[in-house]
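Try each task before reading its solution.

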Amino acid sequence: MTDLILRPGRERSLARRHPWLYDGAIAAVHGRVEPGGTVAVRAADGRFLAWAAYNPQARLAARVWSWREEERVDADLIARRLETAIAYRDRLGLDSDALRLVYGEADGLPGVVVDRYAGVLVLQLTTAGAEAWRDVLVEGLAAHFPTAAIYERSDAEVRALEGLPPRTGPIRGRMPETVTIREAGLKFRVDVVRGHKTGFYLDQRDNRRIVAAHAAGCRVLECFAYTGAFGVHALAAGARSLLSIDSSAEALAQAREHVRLNDLDEGRCEWRTADVFQALRRLREEGRRFDLIVLDPPKFAPTHQHVERAARGYKDVNLNAMQLLAAGGVLATFSCSGGVDAALFRKIVAAAAWDAGVSLRVRAQLTQAADHPVLLAHPEGEYLKGLLLQRLD
Ligand code: SAH
């Protein structure tokens, strides 16, 4: 067995059950281990702390599998964790056949993401530790979902930090030509091969419903629309008009397809392929006003190093959106940047409101859907935050 010995005092975060260990905390490695292999992590005095996957090539060098010394990290443990993760989702009663089945640390499976899109499962592995159990994970998924196709999307950029090349492609079963999912009675086509993330923004499922509840009779502006999920929900809830903006013409073409697929009125829709930052200024010049605005930008700050530039981006886009908001109108604004926490995001949005000269009431604080759970000891898992705001004057 390989032991990983920490420097004195560096066991503190592990002792609080935070599941990550950076290489700077490691004093010595006794024994041999392949990247992704299991090690016993021990304090400087030799005390057992955790079983973890170790990757000597990564700065985030170890990720905890288990806190219990008597537990064995083997195929059984991985299969049990997978079953527990699936059982948790079964009990959520989601109104959708598209959901995240496994979300890394929060399911005791660091580096593993599994998303289900109707009859297709998408597997995404991001760490050497997760790679080591790839076959066990695939077997477990196939046993639970015998008729499902399994497709791999291990192409997240973070793999480079682990020294892993991207890997994508079918693993098992026959991939259907098109994948159609249902969410709250609405249909969406998901491109699991080329779509963003594993194909769809599952994390926003609850927020689409919350936002749509304010859409009846509204002029809706959907910024960073991607394939139009927020807009389609808003139209179905009775929006008077929808203007969707995205820099990708391809994504907007798919959004238009989604309007047709759900028999919604295309005559109420307008599509603009544009940079949102410029488009908002343009809309102001045109004298446009909206009763419901959704701002769902991409990650401006993946880590803390990018926070300052990201803060400027969020402030600018929120300020410009607020100036288009009609009195009584609702703004749903989001950040999925790991480097910007909920408190900072709220400060940035407050600063934007101050500069825009508008009073906004907080109707709700929003976060990722429950199939993307968060460990109390691992706040990094909570990446999506949002505010539902209403203009008073
Ligand atoms: N709201 C979507 C997800 C948005 S993902 C949903 O619920 O499905 C972010 C989107 O922003 C992507 O489609 C990307 O093409 C687009 N994007 C990124 N930067 C942009 C910019 N500066 N202007 C316009 N669109 C942008």
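**Exercise 1.** In this predicted model, how many residue pairs are in polar contact between domain 2 and domain 3, and which elements of domain 2 touch domain 3?

*Solution.* 
1. Begin with the polar pairs: five residue pairs are in polar contact between domain 2 and domain 3, with both residues at pLDDT 80 or more.
2. Next, find the elements on the domain 2 side. Those giving two or more residues are helix H2 (75-90), strand S7 (98-103) and strand S8 (112-117).
3. Strand S7 supplies the largest share of that side, four residues.
4. Sort the domain 2 side by class: eight residues are nonpolar, one is polar and five are charged.
5. Now look for salt bridges between the two domains; the count is zero.
6. Finish with the area: about 1,000 Å² is buried between domain 2 and domain 3, and carbon and sulfur atoms give 65% of this.

**Exercise 2.** Which residues are closest to the ligand, and which protein atoms lie 3.3 Å, 3.0 Å and 2.7 Å from a ligand nitrogen?

*Solution.* 
1. List the surroundings: 16 residues surround the ligand, and the closest are Asp246, Ser247, Asp275, Val276 and Asp296.
2. A polar backbone atom of Phe224 is 3.3 Å from a nitrogen atom of the ligand, and a backbone N or O atom of Ser247 lies 3.0 Å from a ligand nitrogen.
3. Turn to the side chains: Asp296 has a side-chain N or O atom 2.7 Å from a nitrogen atom of the ligand.
4. Compare each distance with the polar contact cut-off, a pair of N or O atoms within 3.5 Å.

Terms used:
Residues are numbered from 1 along each chain as its sequence is written. This is a predicted model: local features need pLDDT of at least 70, side-chain atom pairs count only at pLDDT 80 or more; totals for chains, interfaces and linings use all residues. Side-chain values use heavy atoms; hydrogens and water are left out. Buried area is the accessible area (1.4 Å probe) that two parts lose on being put together, summed over both. A salt bridge is a side-chain nitrogen of Lys or Arg within 4 Å of a carboxyl oxygen of Asp or Glu. A polar contact is a pair of N or O atoms within 3.5 Å; within protein, one must be able to donate a hydrogen and the other to accept it, and residues adjacent in sequence count only if both atoms are side-chain atoms. Ala, Val, Leu, Ile, Met, Phe, Trp, Tyr, Cys and Pro count as nonpolar, Asp, Glu, Lys and Arg as charged, and the others, Gly among them, as polar. A residue is near a molecule or strand if one of its heavy atoms lies within 4 Å of it.
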